[in-house]
Amino acid sequence: MLRFIVRRLLLLIPILIGLSILVFVWIRALPGSPAESLLGEHATPEAVAQIRHQYGLDEPVYVQYWAYLKTLASGDLGTSIASTRTVTYELEHRFPATIELALAAMIFAIGVGVPLGFLSAKRYRSGVDHAGLAASLIGISIPIFFLAIILKYIFSVRLGWLPSIGREDTLSEAEHPTNFYVLDGIITGNLGASWDAIRHLILPAIALGSIPLAIISRITRASVLDVQNEDYVRTARAKGLAPRTVDRRHVMRNALLPVTTIIGLQMGLLLSGAVLTETVFAIPGMGSWLKEAIFNRDYPVLQGGILFLAIVFVFVNLLVDITYALLNPRVRVS
Amino acid sequence: MAKGLKLALALGAVALLTATAAFAASDRGAASDTLVYGASADPSLLDPSLTSDGESLRPTGQIFDSLVGFKKGTSTVVPSLATKWTTSKNQLAWTFKLRKGVQFSDGTPFNAAAVCANFTRWYSFPAPLQSDALSYYWQTVFGGFAKPAPGGLGPDKSLYKGCKAHGQYSVSILLRRPSSSFLAAIGLPNFGIASPTALKKYEADAGTVDATGVFHPTGTFATQHPIGTGPYMLQSWTPGNKMVLVANPKYWGPKPKIKRIIYIPIGDPSARLQALQSGEIQAYDNVAPQDFATIKGNKKFKLYLRPPTSLGYVGINQSLPPMNNPLVRQAVAYGLNGAAVAKAFYGGVGTPATQFLPPSLAGFAKKGVPVFKYDPAKSIALLKQAGLTPPVKIDFWWPTSVSRPYMPDPQRNFEAFAASLNKAGFQVEAHSSPWRPDYRAGVQAGKAQLFLFGWNPDFIDPANYLNVHFGSKTAQFGFDNQALFTLLAKADAASNADARAALYQQASIQVMKQLPVIPYVWAAGAIVFDSSVKGFVPSPVGTVNEPMSSLSFG
Amino acid sequence: MSVAEIEAHELEGHPAAGGLWSDAWRRLRKNPGAIVGFVLVGLFVFVGIFAPWLAPHSPLDQDLSLIANGCCPGPSREHWFGVDELGRDEFSRVLYGARSSLVIGVVAVAVGMSVGLVLGAIAGYFGRYSDSIVMRLMDIMLAIPGLLLAIGVAAMLGPGRWQIMVAVGVASIPIFARLVRGSILAQRENDFVLAARSVGVPRRSILVSHILPNSMSPVIVAGTLALATAIIDVAGLTFLGLGAQDPSQPEWGAMLTNANNYLQNAPFLAIIPGLAIVISVLGFNLIGDGLREAIDPKLRSR
C-alpha cells in the first residue's frame, strides 16, 4: 500500500512541474504580455529598459521561469491588479466560497442521485426506471447557465422563496473566521447566519449539481444492477436474510465502489460548472475570479491563483485514487 | 427500504421548501437606517481626483465636498465648503470665503491651507498620474501641470496659475485667463477636498500606472482611507463584495437620516433587477429601458427619470481613411438609422438627436443645422461621388460589459447600426472589447474608425459638451480644425450670456457640418428606489449630484 | 468535455472485443432510446442543412417598428416564435442556429478526434518513449478541468467563433488519445497482429489497416458524446463573453445569453434557444448511449 502511495506521489512531481511550465507559457502567450502591462504610458525608452530589468523581463526565459518558481515557493503570490488586494487574500476568501458551493452540489447530487439510482435499479424497467433514465439524460443535456437562469427566475424572482445573489444577506454583519459561511455561523454561535448561507447555496447547488446528479444516479443504477446478480448476493438471499439486510450489507456497499471513483472524477466538472454558476448567482468564488482575471489581464492572479487551483485539484485527485485503492485492493496491483 | 426511503425523501423536500418559504418574506423593513445599493461594478478607486467612472464617483460624492455645490436637481451653483466668492476685475483671481468650523473626518481642521494643499497636489501630479485615464478632469478643466510629462502641457498653457491662502478662511485661486465655466467646474466631485494629513500619511500619490492607464496605488489613501468632509465616511471596502459607508459624526451639515449605505457590485443588469425584486437591494441606477414598464407596474418601487441630457453618438476617427473625406462622413450619417434606434431602444424616453447639444441648453441651435435622415440611396450616391465603390469596408467598434443611459445595450445599438450601414453601401467589420480596460483605452488612443460612444455631462453647460470634445485635437477623433477650436475657446471665455449662447449655437452648427461625430439620441438615465425611500431628487448630471444624505425611509 | 470524459472512462477498460457491425446495428435498432436519439439528431441535421429553405424570413432582417412599443412581441401567425430584441424573426434564427451548432460541433470534434487519434496511435504503438511523453502531456491536459482548459485556449487565441471551436476541440484531445491508446495496447498482442508482424508487414500498415479500424467503435461513441458536450461548452463560453465578434449571426448560445437581459419581458427568447440546445444535445447523448450498449453488450447498463 505504501509503495502504491509513494509511486503515485512521485508521479505527481512531473505533473506539477509540467503544470507550472504550462501556466508560465500560457500567460506569456496571452495577447498583451506582462511586459506591456507593467509599463506606463509616458515611459521613455530608458524607463522601459529599466522596468524590463527590474522585473527580470530581459533575462532568458529559463531564468525567468526559475525566478517564478522561487516566488511561488516563498508563498508570495503577488497582488491582484483588479482588486489591489494580495492574491493570497483573495484566495482566502474565494477558495472557501467555491469549496462550499462544490460540497453543497455534491451533497445534493449524492443525496438525491444515489437513492434515485437505487430506486431505479430496484424497479428495473418500470415506469419509474424509464423516467429516471430520461431525467438523467436530460440532466446532462441542459447547459448549466440555462438551468441556473431558469431556477433563479422561478424561485427568486417569481416566487421570492430564495435569494438570487451572493453568499449571505446583503445586510448581514456576521463574522467569518474561516470564510466557510455555513461553518462560521456554527462556530460563532450564529445559527441564523448558517441558515442564511444555506439558503444562498440551495439554487446554485442544484444548478451545479445537476450534471453530477445525472451521472451518479446512472452509475449507481448500473452498479446496483451488476451487484444484485452476483453470486454472494444470491447466496445471502438463499440463506434467508431479509431483503433489506441483503441490500444494506452486501448490495449497497459493493455497489458504491464505482460510485466513489466517479465522485472523484466529478471535481473537474464541478470546477468548470462553478465558473458559470458563480457568474449567474454573483458568488465571489474561484470560478468568477478566474474568468474576471482573464478578462482583466490580471497576471498575478493568473500566475498564482490558477497554479494554486491546479495543484489542489491534482492533490485531491490523488486522494481519491488512494481512497479507491484502499477500498479496492485490486487496483493497487495494476 | 425503498418505500421508507421514498417517504423520507418526500418529507425532506417538503420540509426544505416550507422552511425556505417561511424565511423568504423580506423582513428588511426592520433595518430602516441602512440602504443597500446595487452598483454596476466595483469602484476603481476612492480618490476622486484620479477617477472618472461613475461607480467610483458614486461613493466619493458622499465622502468628499467641493468648494461649491449644486442646488438639488438643477445645475445652479450654491455654497458648499465655500460660503461666498468674488472674482477680480480681470477675472484672473477667484477668492473664496470658507466655511468655519469644518473638520475632516479624521479631525484635521478644514481651512485655506487645506484647499491649497489639494490644488497644489493636483497641479503637481507626477508624470504617470498625468495620464488621460487618471487626472482626466484636471486636464479638461485646467490642463497643464507644474512638471509636465514629455509631450504634455506645461505651466504656461495651464488655466491654473496658483493658490493663495489669506489666513484661515479665505483662499484665492489664480487663473491665467478668464473662464466662464471655472466656477461650475470646481463643483465637480473630482475636485473634492481631501484631508492633507491623510493625503500625506496614506501616500495618496504612491503607486504605478500600467499601460492601460490603471493606477495601482501602493499607499492606502484611495483604498482604505479616503478622508473628506462629507456626510458619509468609509467604514469598510471588500473589493468585489461590498463597500460600507457610515454617517460622518463630524459632518458640518444636517445629519443624514440614513446611517449606513452598502454598495454591492452586481455586474449583470438583469441580476440587479432581480435583486431589487427579491428585496436584496433597495436601489440601483441605469435601469434598462425594457424594464421601465415592469418597475412602473409595481407599487413597491419608484422609477425616477433624469432630464434627457445624456447624448449618444457614433464617433469617427478622421485620421483613418476614408473617414478623412467629408463626403464619406456624410454617407455614414445618411446610412445610420439613428431615429429608429432612438425611438425603439430607449423605453420611450429617447429622442432622436439632431445635434450635439440637447435642447435644454443655451446654445442649442434652433435653425441652420444640417439634417441627416436615414437614406441608404443617398449614402451610396455620396460614396460614389467620393470616388469609392460600394461596398466600402469600415471598422465599427462597440463595447461589451457596460451599460450607459445613452447606450443601455451597446450590442443592440451596434447590430441595428451595422445592419443599416450594410444596406447603405458599407461593409461593416465588427470589433468588440470590454469597456474596461480595453475599449475606452483603444478608442481614446484613436484605434477605432467608427465607434459607439456617448456623453453624460458633468455640469449642464455647452462647454462641458463641446469644449471637452472639440476644443482641441484629440487622438480619439483625429480631428484638427483650428477655426472650431478658436470659436469654442472664444465661447468659453465670453462673459455675456447672450453672446455666449450665440457663439455656442454657431459651434454646434459647425460640428454638424464637419461631422466629427454623428449624434443619434438624447437619452434620459433612470434610477429606481424602493418606494419607502423618500427625498430623492434626480439630477440632470446624474449620480455626481445626488446626495444620499437627504434621503430617508418614509 | 468532462461528461464525455467520464463516459469514456467507462469505455476505457473495455476495448471493443470484436463487436461486429451488423450485430451492433441490430441491437441499436431495437433500442427505443437510440431511435428517439436518431430522430432528434436527424431533425437537427436536417434543419441545419436546409435552414435557408425552411426559414420564412432571413435571420438578419431587422424590423425595428415591431419592437417600437417595447420588447418583444411573442409568437404570432406571422412570426411563429415571435421576434427578438432587434425585430428579427426568432423562428428563422433558431433554424439557422441549428446550422451554427452543427458546424461548431463537427469542427470541434474533428479537431479533437484527429489530433487525439494521432497522438493516441503514436503513444500506443511506437514504444515506451513516445508513450511516456504523449501520456504525460495528456495527463497534464486532463489535470485541468475541461471548460477551464477551453477558456484558457480561447483566451490565448482571442475572441472569435472559430477560436472557440478550436479551444473546445483541443480540450477533448486527451479523451480520444487515451481511448485509442488503450485500444491499441489491448490489441497489440493479438494473434493476428503477431502473425502479421512475423510475415513482415510493417508496423505502420498494421496500425492503419487492422488496429485502428477495430478501435473505432469506442471512438465513435466518444465522438458522439463529445459532439454533445461541444455544443454545450461553446454555449457556455459565449455566455462568459468569449463569443464571436459579429453578434448578429444566429447561434443558440449567443441568443440565450442576449435573452438574459429581456427575461422578464420576453422569457420565450431565452426558453426557445435553451430548449433547442437541450433537445439536440439530448439526441446526441441518446445515440451515444445506444451505440455504447449496442457495440459492447458487456458494457450495457441494461
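1. **How to read the names.** Residues are numbered from 1 along each chain as its sequence is written, while chains are lettered from A and ligands numbered from 1 in the order in which they are written. Because this is a predicted model, local features need pLDDT of at least 70 and side-chain atom pairs count only at pLDDT 80 or more, whereas totals for chains, interfaces and linings use all residues.

2. **Confidence in chain B.** The pLDDT is the predictor's confidence in each residue, from 0 to 100. Chain B averages 87, and 94% of its residues score at least 70. Helices (H or I, at least four residues) and strands (E, at least two) are DSSP runs, numbered from the N terminus. Among the elements of chain B, the lowest mean pLDDT, 59, belongs to helix 1 (residues 2-24), and the highest, 95, to helix 3 (residues 112-123). Please take care with residues 21-30 of chain B, where the pLDDT is below 50; this stretch has seven contacts in the model beyond near neighbours in sequence. Two residues are in contact if their C-beta atoms, placed from the backbone, lie within 7 Å.

3. **Chain A.** This chain has 14 helices and zero strands. Among contacts in chain A between residues at least 6 apart in sequence, 71% join residues at least 24 apart.

4. **A four-stranded sheet in chain B.** Now to an open sheet with the strand order 4-5-7-6 and antiparallel pairing; strands pair if DSSP finds at least two bridges between them. Its edges are strand 4 (82-87) and strand 6 (160-165) of chain B, each pairing on one side only. Strand 4 of chain B is joined to strand 5 (residues 93-98) of chain B by five bridges, and Ala82(B) stands opposite Leu98(B) in strand 5. On average, neighbouring strands of this sheet are turned by 20° against each other, direction ignored. Helix 3 of chain B lies across strands 5, 6 and 7 (170-175) of chain B, running at about 160° to strand 6. Axes are lines fitted to C-alpha atoms, for helices over the stretch in contact, and angles run from 0 to 180 degrees between N-to-C directions.

5. **Strand 1 of chain B.** Five of the six residues in strand 1 (residues 34-39) of chain B are buried. This strand pairs in the parallel sense with strand 12 (residues 260-265) of chain B over six bridges, and Gly38(B) stands opposite Ile264(B) there. Strand 1 of chain B also pairs in the parallel sense with strand 13 (residues 283-285) of chain B, over two bridges. In strand 13, Ala283(B) is the bridge partner of Tyr37(B).

6. **A glycine to look at.** Gly347(B) sits in the loop between helix 10 and strand 16 (351-352) of chain B. It is buried because 21 other C-beta atoms lie within 10 Å. Gly347(B) touches Pro289(B), Gln290(B) and Phe292(B), not counting residues up to four places away in sequence. Between Gly347(B) and Pro289(B), 58 residues apart in sequence, the C-alpha to C-alpha distance is 4.4 Å.

7. **Where chains B and C meet.** This contact takes 23 residues from chain B and 20 residues from chain C. Helix 12 of chain B gives the largest share of chain B's side, six residues.

How values were computed:
A residue is buried if 20 or more other C-beta atoms lie within 10 Å of its own, exposed if 12 or fewer, and partly exposed in between; C-beta atoms are placed from the backbone.
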